[in-house]
Amino acid sequence: MNAATATATNTDFVLAVEGLTVSFDGFKAVDDLSFYVDEKEIRVIIGPNGAGKTTVLDLICGRTKATSGSVKFRNKELTTLKEHEIVKAGVGRKFQNPSIYEDLTVFENLELCYPRGRNVFGALFFKRDAKVISKVREVAEMINLKDELESQADLLSHGQKQWLEIGMLLIQDPDLLMLDEPVAGMSVTERKQTAELLRRITNDRSVIVIEHDMQFVAEIADHVTVMHQGKILAEGSAEKVKQDPKVIEVYLGH
Amino acid sequence: MSNFSLKNMMTRQDVLGFFVLAVLLLVIMPLSMDIIRLTQFGKYLSFAFVAVGLVLCWGYGGILSLGQGVFYGLGGYALAMFLKLEASSPENTAIQSTPGIPDFMDWNRITELPWFWEPFNSFTFSLLAILIVPTIFAYFIGFAMFKRRVGGVYFAIITQAISSILTILIIGQQGYTGGVNGITDLRTLLGWNIRSDYASYVFYFIGVALLFVCLFVAQFITKSKLGRILVAMRGQEDRVRFSGYDVANFKIFVFCVGAAFAAVGGAMFTLQEKFMSPSFVGIVPSIEMVIFCAVGGRMSILGAVYGAILVNVAKTYFGESFPELWLFAMGLLFIGVVVAFPDGLAGVYQKYCAPTVDKFLDKAPLFKRYSGDSSYSGSSSSHEPVNAS
Ligand SMILES: Nc1ncnc2c1ncn2[C@@H]1O[C@H](COP(=O)(O)OP(=O)(O)O)[C@@H](O)[C@H]1O
Ligand SMILES: [Mg+2]
């Protein structure tokens, strides 16, 4: 892993993934993957189930350790950092299943993700001041949960939980936002609202989204990366990959 | 600092709870009991320290330690060592073959005070050691385990093993530790007779005061963002990392706080019972401590105090008549509580008493202006910016 790390060069990209490989007991879930994400780019990753999309995000955010290869975020190597250090560097991640703090209220969920007081004593003496409160309110407004601030998070609907998790990322204000199937399991109206929300929040940062809904993909993507069996099958604009015969065969055809 | 005002730290139910406990411990108990019973009650309270620490570790942080007896014991031994040295002055021990060392050392043909006993000649050192030795030990255990992401059942088993090892060590090294009998026959503290009734009263009230210090520290922690991080960690440890926190550090911290509380409790035990022995270090007492916490309600620091008192009262009256049955009774009690009342006494109070008490408080003039409410997160007004003036 370190050999590859050392050879990776500096770039102008926000994210440079090079030769990234992870093997689970010999099974290469991600196999020598390279791609680059630009400043303010919205990159969508598509591909059949089991293609390794979620695993790529796991590797970037430090949840899974790479077997080899390099992930550079603003030329900072991430593969050797711990999860919370990667968060501090400016990478935020939303999980495929909504994962929020169910025993806390919506307010507390958001407050917990506010990027201040992240060490033990900082947290112990954290002050809920006007700045924190107004930021929480602002984000709650964006994610349509401003009337739910006092609700316990496990009482929210599935869609609301997804929004809350997006809100928890927004309040972190990451430079790179990674979303794993953000509209999965949502009703049609919720989907619409989420698409709207995503359009607003993706304006001033780089984003990687995993998504299946091709219409949604075509709407938001700058670039699309198609994955299959841990490798990149195709890359380009949504229009281009839609017409790619290989992509049609393994993914869009059925 | 206005953020740390009473109102942010305690709901009015909390204030009432602290007040009732204070009246109970400072007024009712001392007035209704003779000094022998009061001292016994003080012994029960020494276990409440451990239970309060377990509320933080286990109830909030989800860290189940089955080895709190280790810290209780270390705190108790630190003080017992000082008191023992004072009781072993050359004049008091003139009949020994080596006067000036504790009697059990002499019995084991040790002729010189071991090096690690030397510093316990100093009262200041001993007081610091009560807190610092167990806390540092907890820090090392926590660091070794939590940084490697050992948690849950594995952690519980390891703490249990540690308490077992320490017990064996103490019993095996009787020349240095007093062995299975422990350190006994403690007499004076800085020349002051600790066996007088007057001293017993003083120790009881010191114990209550220290318990309230721990309760306030615990209350502060649970109401801080750190308390909410612990709750978040308990359910979604992985997720907390991705909110930017180094989970291991928070676990180490709360484990150390729990150890420090336990150590203070152990020292209070030594003061009131005038001895310390390995029977408070091992697996069984450590599990009992978890039961105190479970019975009281593992999310309630005040509940933990009542849990410790209640189980110990039951142990005294029931356990002493039927000692063989007591362990089974404890086991059943634990299972019963976990199954039927997962939130313990505090849960029962919340469900059946709190609403009535709330109604009453609404009418009470004293509480009218105190507009906190009993819900855990506080009323929406608690999100209003606090005026710094
Ligand atoms: N921690 C793991 N251990 C073993 N296999 C894994 C692990 N994580 C993912 N996989 C496997 O890697 C493959 C890719 O999974 P995933 O990244 O979740 O796919 P996708 O998100 O594209 O549907 C799957 O076959 C999955 O079973
Ligand atoms: Mg997936």
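Apart from its neighbours within four places in sequence, A:Thr21 is in contact (heavy atoms within 4.5 Å) with A:Lys28, A:Val30, A:Asp31, A:Asp32, A:Ala66, A:Thr67 and A:Ser68. A:Thr21 counts as buried because its relative accessibility is 7%, where buried means under 20% relative accessible area, with a 1.4 Å probe and protein chains only. The model is predicted: local features need pLDDT of at least 70, side-chain atom pairs count only at pLDDT 80 or more, and totals for chains, interfaces and linings use all residues. Residues are numbered from 1 along each chain as its sequence is written, chains are lettered from A in the order in which they are written, and side-chain values use heavy atoms, without hydrogens and water.

The contact between the chains takes 40 residues from chain A and 37 residues from chain B. Chain A and chain B bury about 3500 Å² between them, 58% of it on carbon and sulfur atoms; buried area is the accessible area (1.4 Å probe) that two parts lose on being put together, summed over both. Of the area that chain A buries against chain B, 18% is supplied by A:Tyr101, A:Leu112 and A:Leu124, more than by any other three residues.

Five salt bridges are counted between chain A and chain B, each a side-chain nitrogen of Lys or Arg within 4 Å of a carboxyl oxygen of Asp or Glu. A salt bridge joins the side chains of B:Arg239 and A:Glu165, at 3.4 Å from N to O.

Methods:
Buried < 20%, exposed > 50% of the residue type's maximum accessible area, 1.4 Å probe, protein only.
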